[in-house]
Amino acid sequence: MATITNSDLHWLKSDLNVVQKQAVAETEGPVLILAGAGSGKTRVLTYRIAYLLANGLAEPKELLAMTFTNKAAAEMRERVARLIPNRMSGMWIGTFHSLFARLLRQEGQRLGFTKSFSIYDQDDQVTLIKTILKDFKLKQQDIPPRAVAHKISAAKNAMLTFKQLEQNQNNYLDVQLPAIFREYQRRLREMDAMDFDDLLLKPIELFERFPLILDYYSDKFRYILVDEYQDTNRAQYVVLKYLAGKHRNICVVGDDDQSIYRWRGAEIKNILDFEKDYPECKKFHLEQNYRSTQNILAAAHSVVKNNHQRHPKKLWTEKEKGNKVVLIQVDTELEEAKMVSDRIGYELKNGGYNFSNFAVLYRTNAQSRVLEEALRSESIPYIIVGGVKFYERKEIKDVLAYLRVLCNPSDAISLRRIINFPTRGIGSVTFGKIEAYAKKNNLSLLDALKNIDNVDTLQQNARQSIKRFYKMLNKYSQVKNDLLPAELASSLIEELGIIRIYKEEGTIESLTRIDNIRELLVAIAEFSKQQDKPVTLEGFLENVSLTTDIDNWDDKGNAVTLMTLHSAKGLEFSVVFIVGLEEGLFPLSRSSADPMELEEERRLFYVGATRAMNCLYLSWARSRRRYGGNNRSYTSRFIKELDASFIDVIHVGRNSIPRRRTFLPESEDQTMPDYENESQEQSELRVGMRVEHQTFGKGTILQIDPSSHHPKLVVLFDSAGKRRLVLPYAKLEIL
DNA sequence: AGTGCATATCTTTTT
DNA sequence: GATATGCACT
């Protein structure tokens, strides 16, 4: 065990507990830190960096510290700077995605990318896939673009080869997938673009094809630190293995109980197997929790302990027992929202809190609306994190697409977006002709525009429009580097007349669009101000691609925070509400079939519950409006798993008296329909049955196709004729 | 080519 | 219930 050598490091002694100190001082070799919720994991990471620097064990440029969110990275940076001022420059602290983007901007030329390659988000990805499907003459009904995007991403994250893909063919989509995938990659390259997953994969390709580059970076980074290691996917695992191969000073911090990104390719086994990969590793357990009261910890533990895929462990705290966790049953989601706002009022009065001490957490973004309305009607200030993200709004994407084309002329996806926005008479027919011309002559789209006179099938006014369009783009790309990004954007918006167009529309919606565009201009200017070096347009765009809502969330405003459980990871609040604890919603119904997914939902519950410092409220509604209709709901299995001794149960609502007591965690199971009550119902459907549909009326089932995740059926309606319906959405009633 | 209405599709979670 | 898409009409 290393000893702490530098007695000047007074902060190290005073601020850390015994295990934390050991973990900080164990600088050499692989280190696994299993850090429970609220156990001071960020503290250990930052002190470790400070320790390495203060003791002269490493130069800043030899450090690589990776997180999943920019917010976490920023916090780490800030806290290190507080411990050891002025020693940060040259240090690589950031998210996986942003650090590798940086690496690829430097080295990507070897792989055939320019320094200003575009980064495509999911939206762009889907757009690209749609065009491929069209060119392949595949119907979107048979091959949903989103499903393709998801499959491609999953394959990339798991680093499947084409061969493996070709072997794993369960349905029509799988058969088509390899060809689509190939074309997808080909076009990305052609457009000088990468998707999010490429940002992780391309470095691996780089390291494998150019050992000297690997040599350089694996030598450079003497010490590697990884936050939230439980959320790494296969690609991240591999790239880390390469980078740490030389010095083997890799320190990973994580908590298997908080792994909640399996759906994005995270492999919990990375953390569970770390000791196998690095047999000489030292392991530390941080199990003292500094955040929550005993009751909250115990309640959270009573749920998560039902998981099999985990290191057995139990957090402890020196804090008091505190209030019991409050479980509230309400009748409807409206009442639930009302309850939340009432309780916030109550706690404000009695607990000495302010608004920013509260968080309301939910499983799906769709749940935020009712909550929002209830809070608004009580004049409780709130902020929503997530949902429709600022940079995903149409008007913002439109403007950004212009900027992207200016930075990367090969970016056909963005070009397609702006070629007829604002409308300038270049419709799909014209665009198709240009595309065909470009393809035939092996030109980029932009070059095709340049040579538009050679496209003889075009109408005269379309041709003129294109010329004007091209001239404008050209003009801006010439001044791009002379203007500040904000100046360029605002003069572009001015010239395009976007604001004027929205003004003329005059709807409320278009007014908010104007606001958003103005906000974008402010954001560009702000971004330039924050950076110490001069900012390029490219720099801003990269920031946009890799920034999420949670990164901009700050706890300084005095408002209640509304967000998904996923977004809440890493945060803490005095009072936390977890709403919608109903079977089918949390856990989501899709997960109940797969034990692995179910365990992930349970971890998600654990993450949510352990955000709370003093008070934790859980609630469920006996009926909830989903997909328009009113659905009867049943208590989440997580509620049943809660150990009753840490819970107080409250019933709210007019008709909550009858129906026995609904919460009987330790007594006999109440008679409750199967968890999957929906599919239960639907599996009773048989060919030949008479059914009634909300809009189509009465009819007879002709065919049931139980394929894949969305079973379809064909119904012959008496008046509406033959219809194909997707089972989970067709609200059929059996007659 | 562009607009507006009807219809289809769908909701996890995000770097 | 909200949004994206498709179709008919101008």
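This is a predicted model: local features need pLDDT of at least 70, side-chain atom pairs count only at pLDDT 80 or more; totals for chains, interfaces and linings use all residues.
Let me begin with helix α20, residues 428-440, which gives the most to the surface near DNA strand B, with 3 residues; a residue is near the strand if one of its heavy atoms lies within 4 Å of it, and helices (H or I, at least four residues) and strands (E, at least two) are DSSP runs, numbered from the N terminus. Residues are numbered from 1 along each chain as its sequence is written, chains are lettered from A and ligands numbered from 1 in the order in which they are written, and side-chain values use heavy atoms, with hydrogens and water left out.

Of the atoms of DNA strand B that come within 4 Å of the protein, sugar and phosphate account for 58%. On the protein side, the residues of that surface divide into 9 nonpolar, 16 polar and 5 charged, where Ala, Val, Leu, Ile, Met, Phe, Trp, Tyr, Cys and Pro count as nonpolar, Asp, Glu, Lys and Arg as charged, and the others, Gly among them, as polar.

Which individual side chains approach a phosphate oxygen of DNA strand B? One of them is S567, with a polar side-chain atom 2.9 Å from a phosphate oxygen, and another is T564, where an N or O atom in the side chain is 3.1 Å from a phosphate oxygen. For R264, the partner is instead a sugar or linking oxygen of DNA strand B, at 3.3 Å from an N or O atom in the side chain.

Now to the protein itself. Chain A has 30 helices and 23 strands, and 53% of its 735 residues count as buried, meaning under 20% relative accessible area, with exposed meaning over 50% and partly exposed in between (1.4 Å probe, protein chains only). The chain exposes about 34,100 Å², of which carbon and sulfur atoms supply 50%; such areas come from the Shrake-Rupley method with a 1.4 Å probe, and for residues only the protein chains shown count as cover. Among contacts (heavy atoms within 4.5 Å) between residues of chain A at least 6 apart in sequence, 73% join residues at least 24 apart.

The structure also holds 52 salt bridges, each being a side-chain nitrogen of Lys or Arg within 4 Å of a carboxyl oxygen of Asp or Glu. What does the salt bridge between E26 and K282 tie together? The side chains of E26 and K282 meet at 3.7 Å, N to O, and because E26 lies in the loop between α2 (18-25) and β1 (31-35) while K282 lies in strand β8 (residues 282-286), the pair ties together parts that are 256 residues apart in sequence. E26 is buried, with a relative accessible area of 7%, whereas K282, at 34% relative accessibility, counts as partly exposed.

A second pair is D257 and R310, with their closest N and O atoms 2.8 Å apart. This pair links distant parts of the chain, with D257 in the loop between β7 (250-254) and α13 (269-272) and R310 in the loop between α15 (294-304) and β10 (316-317), 53 residues apart; both D257 and R310 are buried.

R417 counts as partly exposed at 30% relative accessibility, while D398 counts as buried at 3%.

Finally, D121, D123, D124, K397, R404 and D411 are linked in a network of salt bridges. D121 sits in the loop between β4 (118-120) and α6 (122-135) and, at 16% relative accessibility, counts as buried. A polar contact of 3.1 Å joins the side chains of D121 and K397, a polar contact being a pair of N or O atoms within 3.5 Å, where, within protein, one must be able to donate a hydrogen and the other to accept it, and residues adjacent in sequence count only if both atoms are side-chain atoms. The side chain of D121 also reaches the backbone nitrogen of D123 at 3.0 Å, and, not counting residues up to four places away in sequence, D121 touches F196 and K397.
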